[in-house]
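Please read them beside the coordinates.

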Amino acid sequence: MARQRTCSASALAVALVVGVFASIPTEVQSIGVCNGMNGDNLPSRTDVVQFYQSKGIGAMRIYAPDPETLRALDGTGIDLIMDVGNEHLAALASGPDAASAWVRDNVLPYPGVHIKYIAAGNEVPDARSDTGSIIPAMQNLRDALSAAGRPDIKVSTAVKMSVLASSSPPSDGAFKDAYMADVCRLLASTGAPLLANVYPYFAYRDNPSDIPLSYATFQPGTTTVGDNNGLTYTNLFDAMVDALYTAMEKAGSPAVPIVISESGWPSDGGVGASIGNAQAYNQNLINHVGNGTPKKPGPLETYIFAVFNENLKEGDETEKHFGLFNGPDKSPAYPINLIN
């Protein structure tokens, strides 16, 4: 999960103008939900998959190949993002044999699982030794999947907003490091999307005096942000996503789509973390993503983080409170409608 610092306070303050807008969803579709497993009070893997089905959740993300979850997903039709795990990235980048073995062990035994994307890295640290593994790992995995008869599975990597050198206004979006242009070119050549973890919460947490809560949580208010390209933004999420789209355009890959591989708001544990704010953000996110963004209208594939609160999650206290539901009784953390 990203601890992101986006939209500098000064740039946002300059861009604020007055207006009131409403967002109307354009179509009904299921939302994806990330399945974090850092807890000792969570339902069994099989119960979790059945819970997704009972709630009409049509897509899941897991952060490593988990055989029990994969067996439970067999035949369900639930779309899946499966991470390789950052600790395996260097090995997968080292040569084709490691990637072929990974596909053999983690993909081929589960032909009835609808693996949609494989994430070669999640918020990979900026050190050159780490980011340098992303592209060769992606290439090796793509080649191994093709050789195994699974070219339908797209390989990408999941990034946080700190890959941008600038994000406010959205038309100033630009990547910080050259490797991201190479990542985007590879994605363009394979037809895969960029996976992006987008958290307005962290931007609000770090600048609560400059970023209005209503703007961060899609709630009606008097705050809009004007961009240099004539577009108007009524929420921070759209501004963040369009900054990524702009950065990809400047990197020469304007046609690469974005999949929101994580987004959410904590219900406890820190600044702005409350049940009311979490419910407002997540419900409004679900209702909104069918519209897309001002720069890229149309449905935006999105995964909420996360299905359950995770009592063993490391980091700030808020990290334990991103769940839509509680384990093990699967009671809602707050009322939520998962169909937009």
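1. H5 passes H7 in a right-handed crossing. The structure is a predicted model, and the remarks below should be read as such. On the H5 side the contact is made by Pro-96, Ala-99, Ser-100, Trp-102 and Val-103. On the H7 side, Asn-140, Leu-141, Ala-144 and Leu-145 take part. By class, this set of residues holds seven nonpolar and two polar members, with no charged residue.

2. The geometry of this pair can be given in two values. Helix H5 covers residues 96–106 and helix H7 covers residues 134–147; their axes come within 8 Å and cross at roughly 55°. An angle between 35 and 65 degrees falls in the oblique class, and H5 and H7 are therefore oblique to each other.

3. H7 also packs against helix H8, which spans residues 179–190. Here the axes come within 10 Å, and the crossing angle is roughly 15°. Angles under 35 degrees count as roughly parallel, so H7 is roughly parallel to H8. H7 passes H8 in a left-handed crossing, whereas the crossing of H5 with H7 is right-handed.

4. Which residues of H7 meet H8? They are Ile-134, Ile-135, Met-138, Gln-139 and Arg-142. Their partners in H8 are Tyr-179, Asp-182, Val-183, Leu-186, Leu-187, Ser-189 and Thr-190. The contact of H7 with H8 divides into seven nonpolar, three polar and two charged residues.

5. How many cavities of 30 Å³ or more does the structure hold? There are two. The largest cavity has a volume of about 70 Å³. Its lining consists of Glu-123, Val-124, Asp-126, Ile-134, Thr-157, Ala-158, Val-159, Lys-160, Ser-162, Val-163 and Tyr-179. Strand S6 (residues 154–159) gives the most to this lining, with three residues. Six of the lining residues are nonpolar, two are polar and three are charged.

6. Ile-134 and Tyr-179 line the largest cavity; in the packing of H7 with H8, Ile-134 is on the H7 side and Tyr-179 is on the H8 side.

7. The second largest cavity holds about 60 Å³ of space. Asn-35, Gly-36, Met-37, Leu-42, Pro-43, Ser-44, Arg-45, Val-48 and Phe-308 line this cavity. By class, its lining has five nonpolar residues, three polar and one charged.

8. The largest pocket has a volume of about 430 Å³. Its lining is made up of 19 residues. Which of these lie nearest the centre of the pocket? Asn-38, Tyr-63, Asp-83, Gly-85 and Asn-122 do. The lining of the largest pocket has six nonpolar, six polar and seven charged residues.

9. Pro-169 lies in the loop between strand S7 (164–166) and strand S8 (174–175). Pro-328 is placed in the segment after strand S13 (303–304).

10. Is phi of Phe-218 positive or negative? The value is positive, near 65°, in a residue other than glycine. Phe-218 is found in the loop between helix H10 (213–216) and strand S10 (223–226).

Terms used:
Residues are numbered from 1 along each chain as its sequence is written. This is a predicted model: local features need pLDDT of at least 70, side-chain atom pairs count only at pLDDT 80 or more; totals for chains, interfaces and linings use all residues. Side-chain values use heavy atoms; hydrogens and water are left out. Axes are lines fitted to C-alpha atoms, for helices over the stretch in contact, and angles run from 0 to 180 degrees between N-to-C directions. Helices (H or I, at least four residues) and strands (E, at least two) are DSSP runs, numbered from the N terminus. Angles under 35 degrees count as roughly parallel, over 145 as roughly antiparallel, 65 to 115 as roughly perpendicular and the rest as oblique. A crossing is left-handed if the near helix is turned anticlockwise from the far one by less than a right angle, and right-handed if clockwise. Contact means heavy atoms within 4.5 Å. Ala, Val, Leu, Ile, Met, Phe, Trp, Tyr, Cys and Pro count as nonpolar, Asp, Glu, Lys and Arg as charged, and the others, Gly among them, as polar. On a 1 Å grid over the protein atoms alone, a cavity is a set of points where a 1.4 Å probe fits but cannot get out, and a pocket is an open set with protein on both sides within 12 Å along at least five of seven lines; lining residues have an atom within 4 Å of a point. Grid points are joined across faces, edges and corners, and a volume is the space filled by probe spheres set on the points.
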